[in-house]
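Here's a quick walk through the model below. Have the sequence and the 3D view open as you read.

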Amino acid sequence: MFERFTRGARATVKGAVAQAERAGAGSVTEEHLLLALLEQEGGRAAFAVTALGLHDRRASLDAAFAEARRRGGLTKADTDALAGIDLGAIVSRVEGAHGEGALDADRRGRRWWSGHRPFTPGAKTVLENALRVALGRGDRFIGEEHLLLALTAKPGVVADVLADHGATYTAVQRALYGSVADGGDGEGDAGQGRAQAG
């Protein structure tokens, strides 16, 4: 699969590893892939990220991810399912007993004997879904734009945070390719991506 990655997509994957290293994370997550995409210059994904105003709201994105990590990575769907339960109080009690960030699912500082950081199952799914997005569009390559679309299509914290910042699958598709009607309805691709990710 990696032979199909463009230079920019490969740089994004390498950038995600660097993001994980800078954060002291034990593995590369979907969040690291997104943060690496935000650092890319030139190309369709960088244009879409700028057009959607994500560069200007980087601090807001970082804060949303920090809050999600503090909650143990619970998504909006998880939170909705736990309606009526005061998650803030639970997080505060756990952190009071075990220290700040105790629910952070990444377990910072964990290293594998090889020194390499593995990709989480979620990050691997994003890479696989990028291939599906590319094939669905009839592209013979996997570019950063396919990675960005795959991040919005995979249910989870990253898709939730992006949607909260106006970057839904359809909005990203419009920013990348123009009117959704020009390249299909968009929702079919998003639904397909979500079905594949689930």
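## The overall fold

Keep in mind that this is a predicted model.

The chain has 198 residues, and 45% of them are buried. If you take contacts between residues at least 6 apart in sequence, 65% join residues at least 24 apart.

## The surface

## A look at helix α4

Helix α4 covers residues 58-70, which is 13 residues. From first C-alpha to last it spans 18 Å, close to the 18 Å you'd expect at 1.5 Å a residue.

Which residues of α4 are buried? They are Leu61, Phe65 and Ala68. These three end up on the same side of α4 because they cover an arc of only 60° around the axis. And what do they pack against? The buried residues of α4 pack against α2 (30-39) and α9 (157-164).

## Rings and charges

How many aromatic pairs turn up? The count is zero, going by ring centres within 6.5 Å.

One ring does have a charge over it: the charged end of Arg137 sits above the ring of Tyr177. The distance to the ring centre is 3.4 Å. If you want to find this spot in the viewer, look for Arg137 and Tyr177.

Key:
Residues numbered from 1 in each chain as written. Predicted model: local features only at pLDDT ≥ 70, side-chain atom pairs only at ≥ 80, totals over all residues. Heavy atoms only, no water. Buried < 20%, exposed > 50% of the residue type's maximum accessible area, 1.4 Å probe, protein only. Contact = heavy atoms within 4.5 Å. Phe/Tyr/Trp six-rings, centres within 6.5 Å; stacked < 30°, edge-to-face > 60°. Lys NZ or Arg CZ within 6 Å of the ring centre and 35° of its normal. Helix = DSSP H or I, 4+ residues; strand = E, 2+ residues; numbered from the N terminus. Expected span 1.5 Å × (residues − 1). Arc of directions from axis to C-beta.
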